[in-house]
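Here are some friendly notes to read beside the model. Please keep the structure open while you go through the points.

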Amino acid sequence: STSFTGGIAGKNSRSSKIQNCYIFGSGNTITAKQGMIGGITGANAGTLVYCGYSDSMKIVDSVYTALSTNTNDSKNALTKLLGGSTYSSLKGSDTSYDLKVEMTDSGYGYLGGVTGFNSTNGSVIECATGKWYIHGYNIVQNAVIGGVVGQNESEKTVQYNVNCAYVKRYIWVSGYEENSASRNNRGTDKYYVGGVIGEQQNRTSGGWVIDSCVNYGAVEDENSHNSGGIIARWRNNGGTVSNCFNYGVLYTNMQAASQGTVGGIIGFINEMTNGQDVNILSCQNHGIVNQPIYYSTTAANNYCANDCAGILAEVNTQGVTETVKINLSDCVNGSDATVFAFSMADGIVSWLGGTGGSIDNIILNINRCRNYSTNLISFQNSNSSNGGYGRTGGIFGTRADYSDAATAVGYTSITNCFS
């Protein structure tokens with residue numbers, strides 16, 4: 001049977017509410033080997049409102065004021081605030097934290113700073129982690145980790161949530177223990193970890209919204225290379241991610257041929273339901289995407305993910321019949337942002353391709369998006385010994401070839417953008 005572990009409640013049931021509940025003090029630990037694990041509740045089918053780390057609620061208030069006003073001035077003021085040192089003491093790390101929320105060796109399930117699992121009827125509003133460490137130690141591949149929510153399947157709005165925690169997933173490799181100085185380029189592909197949500201997987205409707213959420217903490221995928229500042233992996237039904245901001249550093253340490261995706265907002269979209277719309281609107285990245293854990297300006301090869309972007313790293317189709325429309329509008333990769341990649345380092349979107357399917361019927365619209373960053377760094381482009389096949393674009397990297405151009409209905413449209 002499934003276990004439920006949380007700092008306030010094991011499980012918050014449908015039609016129930018947890019409100020104004022906080023975690024205080026230091027030296028606290030919430031640990032389980034498996035199941036649904038969260039700083040506030042293991043699983044949520046009701047409502048969570050204004051819960052989390054007591055000191056971090058001031059950031060929630062700032063985010064609510066700026067993003068509910070929803071003007072350029074208010075957004076710029078938020079970026080100035082969170083880009084400075086005012087709240088830096090509220091960030092967790094893997095060595096200094098007040099609360100550790102952990103799934104341990106070989107565990108499986110869902111792990112989140114606020115809730116591990118947010119079900120179809122669950123609502124998470126104005127919640128925040130703080131000087132916390134969200135840690136998955138050698139958990140199985142289909143386990144999910146997120147700074148606020150591990151697995152989100154809700155039809156409800158998830159809004160005004162902030163992650164300040166250090167969110168880390170460690171995959172054990174024989175002979176290379178966690179934080180080993182020699183752990184570069186050890187591990188395996190497709191282990192996901194997200195700053196706000198680990199995996200977004202709605203299977204009941206396409207009208208859900210994730211709005212005005214912020215990642216302020218660091219995200220580390222040790223011995224893998226798949227993460228996102230807001231969502232690491234998005235699959236099944238479409239929906240809308242709007243007004244979300246990343247200010248965190250997203251770390252990786254593994255490179256494998258044509259593998260690995262890290263995005264400032266969304267890391268990876270795949271296994272989409274046919275006929276869905278994916279909307280990414282007015283989102284901004286001001287963090288460092290795909291920072292190699294042992295980065296060196298003089299190294300010929302810094303181990304990290306292959307395809308990376310300030311907003312959306314990769315869309316990968318799984319079936320020939322998939323017809324999906326992906327819309328990005330009014331998104332920004334800021335002047336303070338950096339995007340590293342082994343191959344493709346791009347300002348807004350990196351790669352649209354197919355594994356076992358085709359991109360013939362995928363429509364990609366990029367409108368009114370801006371890249372201000374001059375730090376789009378492809379290690380293939382910068383060093384010929386790495387193959388020299390890197391692709392770097394201020395707005396978009398590239399799209400795979402059509403399998404049958406004569407019958408394809410998909411296309412890419414980039415309008416009213418600048419870099």
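1. Let us begin with a term: two strands pair if DSSP finds at least two bridges between them. Helices (H or I, at least four residues) and strands (E, at least two) are DSSP runs, numbered from the N terminus. With that in hand, look at strand E18 and strand E23 (residues 214-215): they run parallel and are joined by two bridges. Asn 163 has Asn 215 in E23 as its bridge partner.

2. A word on what you are looking at. This is a predicted model, in which local features need pLDDT of at least 70, side-chain atom pairs count only at pLDDT 80 or more, and totals for chains, interfaces and linings use all residues. Residues are numbered from 1 along each chain as its sequence is written, and side-chain values use heavy atoms, with hydrogens and water left out.

3. Six strands make an open sheet with parallel pairing, in the order E18-E23-E28-E33-E38-E43. The edges are held by strand E18 (162-163) and strand E43 (370-371), each with a single partner strand, so one side of each has no neighbour in the sheet.

4. Another open sheet has nine strands, ordered E5-E10-E14-E19-E24-E29-E34-E39-E44, and its pairing is parallel. Strand E5 (28-32) and strand E44 (376-378) are the edge strands, each pairing on one side only. From one strand to the next, the twist averages 15 degrees (axes are lines fitted to C-alpha atoms, for helices over the stretch in contact, and angles run from 0 to 180 degrees between N-to-C directions). Within this order, strand E34 (residues 288-292) and strand E39 (residues 338-341) run parallel and are joined by two bridges. Look for Ile 288, which stands opposite Thr 338 in E39.

5. Next, follow strand E6. Strand E1 (residues 4-6) pairs with strand E6 (residues 35-38) in the parallel sense over three bridges, and Gly 6 has Gly 38 in E6 as its bridge partner. E6 also pairs with strand E11 (residues 109-112), in the parallel sense over four bridges. There, Ile 37 stands opposite Leu 111 in E11.

6. How do helix H1 and helix H2 pack? Helix H1 (residues 57-69) and helix H2 (residues 72-83) meet at an angle of about 155 degrees, with their axes 8 Å apart. They are therefore roughly antiparallel to each other (angles under 35 degrees count as roughly parallel, over 145 as roughly antiparallel, 65 to 115 as roughly perpendicular and the rest as oblique). In contact (heavy atoms within 4.5 Å), residues of H1 including Ile 59, Val 63 and Leu 67 meet residues of H2, among them Leu 78 and Leu 82.

7. Finally, the rings. There are 13 aromatic pairs in the structure; rings of Phe, Tyr and Trp (its six-membered ring) pair if their centres lie within 6.5 Å, and planes under 30 degrees apart count as stacked, over 60 as edge-to-face and the rest as tilted. Tyr 22 and Tyr 50 have ring centres 6.5 Å apart and planes at 80 degrees, so the pair is edge-to-face.
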